[in-house]
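Please find below my note on the model you sent. The points are meant to be read alongside the coordinates.

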Amino acid sequence: MKVFSQSMSIIENAIQQTSTKQKVISQNIANVDTPGYKAKDVSFKSAFDSALSNMNTYKTDERHFDLTPSNLNTTVLTKKNVTYNESGNSVDMDQEMSELAANQIQYNALVDRMSSKFNGLENVIKGGR
């Protein structure tokens with residue numbers, strides 16, 4: 001019997017993706033003064049597509065959106081054609097800090113959602129008290 005169906009694994013995968021994004025942003029920030037370093041970014045498209053492919057969806061009305069995933073992979077991309085200073089470094093500290101904050105908000109929301117799933121299960125186990 002699946003307690004949460006697919007929701008826990010989807011949330012877990014999303015948390016792993018935000019963790020990867022956090023590591024990439026941290027590497028970018030750590031290399032802000034490294035000559036020639038090219039900033040990296042993470043693509044979440046494939047993780048989203050993977051989550052959709054694991055869901056059983058159906059349309060009850062022709063106005064509903066189709067939820068069909070594409071075949072893209074999650075990758076860490078290097079920003080090669082951008083340079084922000086004379087040393088060839090492509091790290092934009094303002095952009096990295098902004099992405100860090102947005103990623104942290106996403107991570108916190110996912111952890112909160114997972115926590116609420118566990119709290120719901122605990123409530124059921126205790127008999128609704």
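1. Basis. This is a predicted model, in which local features need pLDDT of at least 70 and side-chain atom pairs count only at pLDDT 80 or more, while totals for chains, interfaces and linings use all residues. Residues are numbered from 1 along each chain as its sequence is written, and side-chain values use heavy atoms, with hydrogens and water left out.

2. Secondary structure. The protein has three helices and two strands, taken as DSSP runs numbered from the N terminus (helices H or I, at least four residues; strands E, at least two). Their order from the N terminus is α-β-α-β-α.

3. Of the 129 residues, 23% are buried; buried means under 20% relative accessible area, exposed over 50%, and partly exposed in between (1.4 Å probe, protein chains only). The accessible surface is about 9,100 Å², and carbon and sulfur atoms account for 54% of that surface. These areas come from the Shrake-Rupley method with a 1.4 Å probe, and for residues only the protein chains shown count as cover. Contact means heavy atoms within 4.5 Å. Among contacts between residues at least 6 apart in sequence, 76% join residues at least 24 apart.

4. Annotation. UniProt, in an unreviewed entry, places the feature "domain: Flagellar basal body rod protein N-terminal" at residues 12–38. UniProt positions are in the numbering used here, feature names are shortened, and annotations may be inferred rather than shown by experiment. In the model this span is 70% helix and 0% strand, with its end C-alpha atoms 29 Å apart.

5. Helix α1. The 24 residues of α1 should span 34 Å at 1.5 Å a residue, and the end C-alpha atoms are 35 Å apart, which agrees. The expected span is 1.5 Å times one less than the number of residues. The buried residues of α1 are S7, M8, I11, I15, Q17, T18, K21, V24, I25 and N28.

6. Nonpolar core. Which residues make up the largest nonpolar core? The five are M8, I11, I15, L110 and M114. The term denotes a set of buried Ala, Val, Leu, Ile, Met, Phe, Trp, Tyr and Cys residues joined through side-chain atoms within 4.5 Å. Two or more core residues come from each of α1 (7–30) and α3 (93–125), and α1 gives the most, with three. With neighbours within four places in sequence left aside, L110 is in contact with I11, A14, I15 and T18.

7. Salt bridges at K21. The model has three salt bridges, each a side-chain nitrogen of Lys or Arg within 4 Å of a carboxyl oxygen of Asp or Glu. K21 pairs with D41, the closest N and O atoms being 2.5 Å apart. This pair links distant parts of the chain, with K21 in helix α1 and D41 in strand β1 (residues 40–42), 20 residues apart. K21 is buried, at a relative accessible area of 9%. K21 also forms a salt bridge with E99, at 3.3 Å from N to O. Here too distant parts of the chain are linked: E99 is in helix α3 and K21 in helix α1, 78 residues apart.

8. E122 forms a salt bridge with K126, with 3.2 Å between the closest N and O atoms. E122 is partly exposed at 37% relative accessibility, and K126 is partly exposed at 49%. Salt bridges that share partners join K21, D41 and E99 into one network.

9. E99. Is E99 buried or exposed? E99 counts as buried, with a relative accessible area of 16%. Not counting residues up to four places away in sequence, E99 touches K21, I25, D41 and K79.

10. E96. This residue is in helix α3 and is buried, with a relative accessible area of 1%. E96 and N28 are 68 residues apart in sequence, and their C-alpha atoms are 7.4 Å apart in space. Leaving aside neighbours within four places in sequence, E96 is in contact with I25, N28, I29, A39, K79 and V91.
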